[in-house]
Amino acid sequence: MDDKGLADETARHGQNADGPAIVAIGNGEWKTARLTLRAPQQDDLSFLQDMFSRPELTRHRPDPTPDDASTTHDRLVRDRAHWAEHGFGRWAALVEGQRIGFGGVTQSLQFEGLNLSYHLHPDYWGKGYGLEIARAAIAFAINDLAARRIIGLARPANPASQRVLLRAGLVYQRDVPLHGAMTGLFELRC
């Protein structure tokens, strides 16, 4: 196997050429090559409100209306409740202490398996952070949660998100109706 093949193979299993995709550092935090990942906290609310109020972030949803303060508050409450119930969920992603987005795996309500998701503040798009979060979440799901199936959902109108899912090792399966729009269903069988 050549170096590229080895890099591709290790990336599929939650590692990159430099080592593990994610390492637990204690106190409910994990590290990747560039990110610190932690459970969401109440003081993340203002960052989430700013991020989800951006039309460029919400334009691929069936209803592209940016979130209002109440919707964002409810999102944070759901994320924190998922952590309380399951002991894992979407992380807050930080670079050098600065919040840049949220992502991780959650129990899917519509499909079998864990749902991989990531949302980055538009100021941090195009820097590879989405892929880094996705690979860390996959490694965590496989190594810590013994996941059997990980899914990702991305609309055809969002090719950047679909590319992240593919580069993270998920495989396109089919389009499915979700929240009133056809959505690509990607999966990784573990």
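## Sheet

In this predicted model, nine strands make up an open sheet of mixed pairing, ordered 3-4-5-6-7-8-9-11-10. Strands are DSSP runs of E of at least two residues, helices are runs of H or I of at least four, and both are numbered from the N terminus; two strands pair if DSSP finds at least two bridges between them. Strand 3 (23-26) and strand 10 (171-178) are the edges; each has a single partner strand, so one side of each lacks a neighbour in the sheet. From one strand to the next the twist averages 30°.

Strand 7 and strand 8 run antiparallel and are joined by seven bridges. Gly 101 lies opposite Leu 120 in strand 8.

## Helix packing

Helix 2 (residues 45-52) packs on the sheet and touches strand 7 and strand 8 (heavy atoms within 4.5 Å), its direction making about 85° with that of strand 7. Angles run from 0 to 180 degrees between N-to-C directions of lines fitted to C-alpha atoms, for helices over the stretch in contact.

## Nonpolar cores

A nonpolar core joins buried Ala, Val, Leu, Ile, Met, Phe, Trp, Tyr and Cys residues through side-chain atoms within 4.5 Å; buried means under 20% relative accessible area (1.4 Å probe, protein chains only). The largest has 35 residues, with Ile 22, Leu 37, Trp 91, Leu 116 and Leu 170 having the most contacts inside it. Helix 5 gives the largest share of this core, ten residues.

A second, separate core has ten residues, including Leu 45 and Phe 102.

## Basis

Local features need pLDDT of at least 70, and side-chain atom pairs count only at pLDDT 80 or more, whereas totals for chains, interfaces and linings use all residues. Residues are numbered from 1 along each chain as its sequence is written, and side-chain values use heavy atoms, leaving out hydrogens and water.

How values were computed. Buried means under 20% relative accessible area, exposed over 50%, partly exposed in between (1.4 Å probe, protein chains only).
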